[in-house]
Amino acid sequence: MNERDVRHFLKGVKKGSIEIDVALQRLRQLPFEDLGFAKIDHHRMLRQGYPEVIYARGKTPEQVTEIVRGMLRARASHNILITRADRSVFAAMKKVVGRFPRNAKSRPRSKTFLDAEFNERSGTIAIHRSREIHGKGLILVVTAGTSDIPVAEEAAITARTMGNQVETVFDVGVAGLHRLLDNREKLVSARVIVCVAGMEGALPSVVGGLVSAPVIAVPTSTGYGASFGGLSALLGMLNSCASNVSVVNIDNGFGAGCVASVINHS
């Protein structure tokens, strides 16, 4: 629920198009809805500018589906994002999502129904109720190697779902700097850059030295034994000599995409 949804709700109550009993039922779900195994934070969009995101790993497909159903019942206009999902979650999701209209306020005869978009490589499911872009500039997601793409796509899909223009540049790591420099114009035009790298994690320092925009570094678990599952890349990024580089956790594409969106909306 965002400010626009709240205004629409209050105007409906004032005009009488939303009955008092219906309004009371909706208000009972605020600020959260208790499902027993989960508490849906319907107010997060209003408080923070982006809605609650569902982390699917460790949850059953049925639990994820019930959370999504609760979010859709709230009749808000924001998109819904699920991370670390698999095909079983997606299969359960499709059965539920297709029963809800794309526009919660549409008339019965003009309804088009929602669908869920599954990106298997990143493990994300996006349910779009709006394609509106309201971020101020371009978020660019860059990877050092092809093996880093799954984490990068999680970041890109997160940022897009939160209403941003997002572009990607893959496989431009320090082993061949000419590949990175070939994209210098795009790097300079970005308002925020998400830089994803494994191995020794050197790429964010190089990118940070080329641009004035904030660079969000994402270490990945890509690499051989001494990379320690991404710890080497994490420490390398934390020790970056580029002062415009900040770092999120290992393989945390979602966190990077979310922070990039917050910066791009400020």
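Modeller: Happy to! A residue counts as buried under 20% relative accessible area and as exposed over 50%, with partly exposed in between. Do keep in mind that this is a predicted model.

Biologist: With that cut-off, is C241 buried or exposed?

Modeller: The relative accessibility of C241 is 76%. Exposed means over 50%, so C241 counts as exposed.

Biologist: And what is the relative accessible area of C195?

Modeller: C195 falls in the buried class, for which the limit is under 20%. Its relative accessible area is 0%.

Biologist: How many disulfides does a search of the whole structure find?

Modeller: A disulfide needs two cysteine sulfur atoms within 2.5 Å. Searching the whole structure for such pairs gives a count of zero.

Biologist: Let's turn to helix 5. Why do its buried residues lie on the same side?

Modeller: Helix 5 spans residues 87-97, and its buried residues are V89, F90, M93, V96 and V97. In an α-helix there are 3.6 residues a turn, so residues three or four places apart point the same way.

Biologist: How many residues apart in sequence are the parts that the aromatic pair ties together?

Modeller: The structure has one aromatic pair. Its members, F90 and F118, are stacked, with 4.9 Å centre to centre and 25° between the planes, and both are buried. Since F90 belongs to helix 5 and F118 to strand 5, the parts tied together are apart in sequence by 28 residues.

Biologist: What separates the C-alpha atoms of I82 and F118?

Modeller: I82 sits in strand 4 and is buried, at 0% relative accessible area. Its contacts beyond four places in sequence include M93 and I125. I82 and F118 are 36 residues apart along the chain, and their C-alpha atoms are separated by 9.4 Å.

Biologist: One more: at what angle do helix 6 and helix 11 pack?

Modeller: V151, E154, A155, T158 and A159 of helix 6 meet G253, F254, G257 and C258 of helix 11. The crossing is right-handed. The axes of helix 6 and helix 11 are 7 Å apart, and the packing angle is about 35°.

Technical notes:
Residues numbered from 1 in each chain as written. Predicted model: local features only at pLDDT ≥ 70, side-chain atom pairs only at ≥ 80, totals over all residues. Heavy atoms only, no water. Buried < 20%, exposed > 50% of the residue type's maximum accessible area, 1.4 Å probe, protein only. Helix = DSSP H or I, 4+ residues; strand = E, 2+ residues; numbered from the N terminus. Phe/Tyr/Trp six-rings, centres within 6.5 Å; stacked < 30°, edge-to-face > 60°. Axes fitted to C-alpha atoms, helices over the stretch in contact; angles between N-to-C directions. Left-handed = near helix turned anticlockwise from the far one by under 90°. Contact = heavy atoms within 4.5 Å.
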